[in-house]
Amino acid sequence: MNDILNIMPKMIMGTELSNRLSILPKYEADIRNRSVPERLVALQDMYQIYVPNGMSREIYSKLYLSLLRSLQKKQSIFAVRQYHENNKMIRQQSYESIVGGSDSFTIIGPSGIGKSSAVSRAVNILTEQPVLNLSNANVIACLQVQAPADCSVKGLLLEILRKADEMLRTSYHENAIKSHATVDMLIGSVSQVALNHVGLLIVDEIQNVVNSKNGKTIVGTLTQLINNSGVSICMVGTPESTVFFDQAMMLARRSLGLNYTMMEYDEEFCEFCRTLLQYCYVQEPLHIDESLLMWLYNHSAGNASVVVGLLHDAQEIAILDGKERLDIAMLNVAYEKRMTLLHDFIAPKQIK
């Protein structure tokens, strides 16, 4: 354990964690007096802002501890035995799962709440040293892939090998292509690579499995990877994937994890809005009050990406039209002109 903790980044908490997770582009107040082109270009910085919340801090802790657990397994005697079993599988002989484990979990939440950004920020901290040296083996701290849109099992396995090659400077992907490896052989190869060289595997857009006939096969393959390698697998997706995982016990066991909804109207939401409102690019001074914060919540349903979009587009319209102010009237213009396709999803929600 001490050896593992020495090669892993220190686990951070509290204010230090919030500061490390934050992305706050530099803002100069005199930008409001510059030319229209300069302000419109600078306005794009709003899309880079990331304000950490309880969700992002919890995701960081979950990913850190999952990586730690995965590295612990690699140090066990069972990992050596599993290595030989995986070689048997590649040669299409008998096979037995030795490492085993239930180290998969999900991060589920609606689109736009910032879960993928939270995962990205957490991974950024965990991978200050992208490849760790553990017992003379190079281990990728976090390997990220997306569930294929067509749910191709072979496509997913090849993508894992390709990403591993990028970080390790190896040729697993090339060798698999040249040998015309079957899916069964690929599972053995990927299991071997994960056992030796992957700490945490993150599969994004897992909702792609929902409406595909190969959906259960993809999840079954990921389950087999867990059993064959002991690697922790995190699956990130939208709530529609929950219905899929609920279909059977085998799938439900793999969907235990973190579930999130839109933000509530509380101090965390208000602080998020106040931070965004500091990035003002219109000429007139901005007045932040309770009515403005309530309007933003009512017209975003607590969806972080919608709040960013509203504040960006309202300022863009105000600058282009020469109105040079950001108030509820201008926000209403942005809501009606730019958010039409989202109205059915974010219909004004009155705070009780």
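Accessible areas are those given by the Shrake-Rupley method with a 1.4 Å probe. On this basis, the protein chain of the predicted model has an accessible surface of about 16,500 Å². Carbon and sulfur atoms contribute 51% of that surface. Of the 352 residues in the protein chain, 50% are buried.

The secondary structure of the protein chain consists of 16 helices and six strands. Among contacts in the protein chain with a separation of 6 or more, 79% are between residues 24 or more positions apart.

Aromatic side chains were then examined. Seven aromatic pairs are found when the whole structure is searched. One of them joins Trp-295 and Tyr-335 in an edge-to-face arrangement, with 6.4 Å from centre to centre and 85° between the planes. The pair ties together parts that are 40 residues apart in sequence, because Trp-295 belongs to helix 14 (residues 290-298) and Tyr-335 to helix 16 (residues 328-338). Both Trp-295 and Tyr-335 are buried, each having under 20% relative accessible area.

Ring pairs also occur among tyrosines, where Tyr-27, Tyr-279 and Tyr-281 are linked into a cluster. A further contribution from an aromatic ring involves a charged side chain: Lys-62 places its charged end over the ring of Phe-105, at 4.9 Å from the ring centre.

Notes: Residues numbered from 1 in each chain as written. Predicted model: local features only at pLDDT ≥ 70, side-chain atom pairs only at ≥ 80, totals over all residues. Heavy atoms only, no water. Phe/Tyr/Trp six-rings, centres within 6.5 Å; stacked < 30°, edge-to-face > 60°. Helix = DSSP H or I, 4+ residues; strand = E, 2+ residues; numbered from the N terminus. Buried < 20%, exposed > 50% of the residue type's maximum accessible area, 1.4 Å probe, protein only. Lys NZ or Arg CZ within 6 Å of the ring centre and 35° of its normal. Contact = heavy atoms within 4.5 Å.
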